[in-house]
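Dear colleague,

Please find below the structure that I am passing on to you. A description of its main features follows.

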Amino acid sequence: MSKNFRLLILPGDGIGPEVMIEVDKVISIISSMFDVQFDIEKDDIGGSAYDRYGVPLADETLEKAKSSHAVLLGAVGGEKWDNLDFSLKPEQGLLKIRKELDLFANLRPALCFESMVEASSLKPHLVSGLDIMIVRELTGGVYFGKPRGIETKSDGSRVGINTQVYATHEIRRVARIAFELAQKRDNRVVSCEKSNVMESGILWREEVQYVHDNEFNDVSLSHMYADNCAMQLVRNPKQFDVIVTDNLFGDILSDEASMLTGSLGMLPSASLGEIDQNNFRKALYEPVHGSAPDIAGQGIANPIASILSFAMCLKYSFNMDKASDLISTAVNKVLENGFKTKDLLGDENKNLTTQEMGDEIVKQISDLGADNGS
Ligand code: IPM
Ligand code: MG
């Protein structure tokens with residue numbers, strides 16, 4: 001009997017819809033090559049949801065997300081919605097869906113494809129073979145801590161307040177994910193915080209160490225201040241295997257790591273929740289890049305990060321490792337064959353459009369599949 005999975009696709013804003021069209025094509029070919037059927041629903045999030053529903057994430061959309069096997073998201077945000085009240089801004093839709101689905105672990109692999117070594121901002125020997133997994137805590141910390149807000153004092157001056165707060169269980173559960181991932185990789189975890197200035201950082205360090213000592217003492221663990229980690233990422237990135245860190249540091253370090261791989265347009269991500277009693281994990285997959293309003297609508301966006309996000313979905317939500325690897329191999333082959341979108345700094349005259357890149361990848365998947373007899 002063929003498997004059947006419900007997917008909710010939220011293309012969002014800016015280049016989101018353009019790149020997600022290419023993901024649709026990849027979904028179709030995977031479904032035709034493997035014994036699997038995807039029931040796809042589409043809805044809005046971010047600015048496009050505001051335009052349609054008056055809020056950046058409608059309740060009905062959230063319900064659909066909760067009853068799907070996985071959510072695929074494009075990107076949110078854009079100038080058009082800059083003047084909205086803070087609570088209605090596109091980004092709030094994204095933060096809300098992460099929080100409501102309790103997607104506390106955000107996996108951001110920074111992998112440098114061999115064909116992309118030259119596009120990196122670092123020297124080739126520093127990034128050749130690079131394979132880092134950043135595990136970012138996604139539903140806590142300063143992104144959600146209270147108190148928060150902007151207050152006007154009696155003398156008319158204003159203060160802006162955000163609170164970095166972490167509870168034991170929030171740190172432990174994301175640490176576990178990092179250690180589990182490390183066990184399947186090079187078995188090394190670096191935990192990043194600022195325990196030299198922040199109490200929440202002290203707790204972070206202690207709790208990660210606790211989980212290590214009690215549950216994962218076969219994994220090598222070291223601690224690093226987040227500023228040092230930012231520096232080490234550009235000095236000698238290959239020293240890292242898995243990095244686990246909080247919401248804000250993870251946001252920043254993953255953008256930094258993405259440039260090592262050649263382009264922000266290459267990086268996928270998976271946001272995972274806890275495994276429930278039916279052995280099922282809520283999950284959302286999205287590219288690390290944003291909505292890139294400056295290039296939206298021009299057909300030049302790189303769809304690879306979104307396509308690789310779907311590959312992560314196959315692996316982490318559907319246990320379809322073979323199909324997932326097929327997509328990654330196809331992407332690498334396409335790049336090796338010299339096909340590049342504008343962000344990948346290929347030959348300017350030969351740059352592919354978003355659609356052409358999607359088509360090349362689909363063609364490659366089909367060719368590789370035929371070779372493998374899948
Ligand atoms: C990311 C983004 C988001 C974040 C924004 C769009 C809210 O930068 O996913 O990295 O800060 O988490
Ligand atoms: Mg970010």
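This is a predicted model: local features need pLDDT of at least 70, side-chain atom pairs count only at pLDDT 80 or more; totals for chains, interfaces and linings use all residues.

**Findings on the sheet, helices and local geometry**

A separate pairing links strand S6 (residues 149-152) with strand S7 (residues 158-161), which are antiparallel and share four bridges. In this pair, Glu-151 stands opposite Val-159 in S7. S6 and S7 form a hairpin with five residues between them, and Gly-156 in the turn has a positive phi of about 90°.

Turning to helix packing, two packed helices are described by the angle between their axes and the distance between the axes. Two contacts may be of interest to you.

- H6 with H7: the axes of helix H6 (residues 168-183) and helix H7 (residues 199-215) come within 9 Å and cross at roughly 50°. H6 and H7 are therefore oblique to each other, and H6 passes H7 in a right-handed crossing. Residues that make the contact include Ile-171, Val-174 and Phe-179 of H6 and Leu-203, Trp-204 and Val-208 of H7. By class, the contact of H6 with H7 has nine nonpolar, two polar and four charged residues.
- H1 with H10: for helix H1 (residues 16-33) and helix H10 (residues 304-316), the axes come within 8 Å and cross at roughly 40°. This pair is therefore oblique as well, and the crossing of H1 and H10 is right-handed. From H1, Val-19, Met-20, Glu-22, Val-23, Val-26, Ile-27 and Ile-30 meet Ser-306, Ile-307, Phe-310 and Leu-314 in H10. The contact of H1 with H10 comprises nine nonpolar residues, one polar and one charged.

The structure holds 20 salt bridges. One of these joins the side chains of Lys-25 and Asp-359, at 2.8 Å from N to O. Lys-25 lies in helix H1 and Asp-359 in helix H12 (residues 354-372), so the pair ties together parts that are 334 residues apart in sequence.

Finally, which backbone details should be noted in the loops? The peptide bond from Lys-146 to Pro-147 is cis, with omega near 5°; Pro-147 is found in the loop between S5 and S6. Asp-102, a residue other than glycine, has a positive phi near 55° and is placed in the loop between helix H4 (90-100) and S4.

With kind regards

Definitions and conventions
Residues are numbered from 1 along each chain as its sequence is written. Chains are lettered from A and ligands numbered from 1 in the order in which they are written. Side-chain values use heavy atoms; hydrogens and water are left out. Axes are lines fitted to C-alpha atoms, for helices over the stretch in contact, and angles run from 0 to 180 degrees between N-to-C directions. Helices (H or I, at least four residues) and strands (E, at least two) are DSSP runs, numbered from the N terminus. Angles under 35 degrees count as roughly parallel, over 145 as roughly antiparallel, 65 to 115 as roughly perpendicular and the rest as oblique. A crossing is left-handed if the near helix is turned anticlockwise from the far one by less than a right angle, and right-handed if clockwise. Contact means heavy atoms within 4.5 Å. Ala, Val, Leu, Ile, Met, Phe, Trp, Tyr, Cys and Pro count as nonpolar, Asp, Glu, Lys and Arg as charged, and the others, Gly among them, as polar. A salt bridge is a side-chain nitrogen of Lys or Arg within 4 Å of a carboxyl oxygen of Asp or Glu. Two strands pair if DSSP finds at least two bridges between them.
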